[in-house]
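Please look over the model below before reading on. The briefing is grouped by topic.

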There are 2 protein chains.
Amino acid sequence: MTKQQASGGRPLRADAERTVRTILEAAERVLSADPAATMEQIAEAAGVARTTVHRRFATREALLDALTAWAARQFAAAVDATASDTAPPLVVLHRVTARVLEVKIGWGYAMNRAAFSADPEVVRVHADVVAKCDRLFRRAQETGLVRPGVDLEWARRFYYALIHEATQRDDRADVDALSTLVVDTLLHGIAA
Amino acid sequence: MTKQQASGGRPLRADAERTVRTILEAAERVLSADPAATMEQIAEAAGVARTTVHRRFATREALLDALTAWAARQFAAAVDATASDTAPPLVVLHRVTARVLEVKIGWGYAMNRAAFSADPEVVRVHADVVAKCDRLFRRAQETGLVRPGVDLEWARRFYYALIHEATQRDDRADVDALSTLVVDTLLHGIAA
DNA sequence: AGAACTTGCAACATGAATGATGCAAGTCTT
DNA sequence: AAGACTTGCATCATTCATGTTGCAAGTTCT
């Protein structure tokens, strides 16, 4: 049989393309609730037969990789759309945070996976995002927004963690309120 | 066969007791690297036969539950030993952070699991820790250390996240330096 | 020393998840 | 409308983790 990967094969027909998207979305939903969920559960959540999942993704690993790559691209696109090397760092910080939060709320599991992926494509895309983030923080430091002497690697991890926490809130605040919370906390902590 | 749980049965002989500890430590190490690791891998890391693991912990779940309960108790003990309702909040914050970091560095996987456990014993112990933490933050707010208006639930989650990030650093700084970093960031963020 | 206990080993049973295939019915595309 | 493609279904093979058991050899306790 001609096993065709979801990525790489020749163009899929419209219905098949939709199926792939549906499966990826279902995978995100199911796996974020239970990382050990089976193909069966994913298929059920997607409303397709398990065999269909296997037809689109040769192995479980292939599905996870596709999911990861998909999220990494979404992430990178979100950052690319909002980052800027010329606008004031504080403005950019707000914009990026809001946009990233939107993506991360829907693709948290996959994005987290992307951060630890070994797939060269994902590594490249993710490294690019990290570089943009570091550049922003460096500029923020030069502008005087960020205290001199702050370790920028620590700042980035801290920022990621805040974004993660913000997406975990059951509180259904809008994205702007959340990003304000994140940026304020990032900059000023909780002291008086 | 008389299957005896690691917790609950009659007292174990000294060698068996040691084996249980060895297995729990190995489980923490292995599972923190790969949460889907098998009993086989855990047994190997502990330097015992897989059957021995099954003798001490009837099922995989039983092992995970024991590990979680063990970590929860360690966590609670660390907080109990350092928390205080009378010492200045800032001092307590430093003390607690340093002590918790020590525990969390060695038991990160299990402690994280404790935070989501449904086991009533663990829930009770963990709720107690959360209560102590909230009390500390409330007091910090009343003292003027923490800005009025800060959501204390958010503060706590934020604080947990910082501790988590601090334990992830490969940088082998001592616990005091790490806890200073955590507390400083918690209070003042990264702004100038 | 002797009883009770623990461990490793080998072997086995079971169940669950993965992955493959052929076929009939339905859907796109042109 | 015709050909190509996709899907669900039923079915099967395989692999792997889990959990058991009996037994011999070693350890702990009193």
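Several helices form the surface near DNA strand C: H1, helix H2 (39-46) and H3 of chain A, plus H1 and H3 of chain B, each supply at least two residues. The model is predicted: local features need pLDDT of at least 70, side-chain atom pairs count only at pLDDT 80 or more, and totals for chains, interfaces and linings use all residues. Residues are numbered from 1 along each chain as its sequence is written, while chains are lettered from A and ligands numbered from 1 in the order in which they are written.

**DNA strand C**

- There are 22 residues around DNA strand C. A residue is near a molecule or strand if its C-beta atom, placed from the backbone, lies within 6 Å of it.
- The nearest are Ala14(A), Met39(A), Thr59(A), Thr19(B) and Thr52(B).
- By class, this surface has 8 nonpolar, 7 polar and 7 charged residues. Ala, Val, Leu, Ile, Met, Phe, Trp, Tyr, Cys and Pro count as nonpolar, Asp, Glu, Lys and Arg as charged, and the others, Gly among them, as polar.

**DNA strand D**

- DNA strand D has 23 residues around it, and Thr19(A), Thr52(A), Ala14(B), Met39(B) and Thr59(B) come nearest.
- Helix H1 (14-33) and helix H3 (50-56) of chain A each supply at least two residues of the surface near DNA strand D, as do helix H1 (14-33), helix H2 (39-46) and helix H3 (50-56) of chain B.
- The surface near DNA strand D divides into 8 nonpolar, 7 polar and 8 charged residues.

**Chain A overall**

- Chain A has 8 helices and 0 strands. Helices (H or I, at least four residues) and strands (E, at least two) are DSSP runs, numbered from the N terminus.
- The C-alpha atoms of chain A fill a box of roughly 60 × 35 × 25 Å along the principal axes.
- Chain A has 192 residues, and 35% of them count as buried. Buried means 20 or more other C-beta atoms within 10 Å of the residue's own, exposed means 12 or fewer, and partly exposed lies in between; C-beta atoms are placed from the backbone.
- Take the contacts in chain A between residues at least 6 apart in sequence: 62% join residues at least 24 apart. Two residues are in contact if their C-beta atoms, placed from the backbone, lie within 7 Å.

**How the two chains meet**

- Chain A superposes on chain B by a rotation of 180 degrees with 0.1 Å of shift along its axis (RMSD 0.1 Å). The two copies are thus related as by a two-fold rotation axis.
- Gly189(A) is the residue of chain A that comes closest to the rotation axis, at 2.1 Å (C-alpha).
- At the interface, 19 residues of chain A are in contact with 19 residues of chain B.
- Helix H7 (152-168) and helix H8 (175-188) of chain A each supply at least two residues of the side that touches chain B. H7(A) gives the largest share, 5 residues.
- The side of chain A that touches chain B has 12 nonpolar, 4 polar and 3 charged residues.
- The copies meet through the same surface, because 100% of the interface residues of chain A are also interface residues in chain B.

**A helix pair in chain B**

- Helix H4 (residues 60-82) and helix H5 (residues 89-114) of chain B have axes that come within 8 Å and cross at roughly 170 degrees. H4(B) is therefore roughly antiparallel to H5(B).
- The residues of this contact divide into 15 nonpolar, 3 polar and 3 charged.

- Tyr159(A) lies in helix H7. Tyr159(A) is buried, with 22 C-beta neighbours inside 10 Å.
- Arg10(A) sits in the segment before H1. Arg10(A) is exposed, with 5 other C-beta atoms within 10 Å.
- Ala83(A) is in the loop between helix H4 (60-82) and helix H5 (89-114). With 18 C-beta neighbours inside 10 Å, Ala83(A) is partly exposed.
- Not counting residues up to four places away in sequence, Ala83(A) touches Val92(A), Val96(A), Lys132(A) and Leu136(A).

How values were computed
Copies are superposed by least squares on the C-alpha atoms of residues with pLDDT of at least 70 in both. Axes are lines fitted to C-alpha atoms, for helices over the stretch in contact, and angles run from 0 to 180 degrees between N-to-C directions. Angles under 35 degrees count as roughly parallel, over 145 as roughly antiparallel, 65 to 115 as roughly perpendicular and the rest as oblique.
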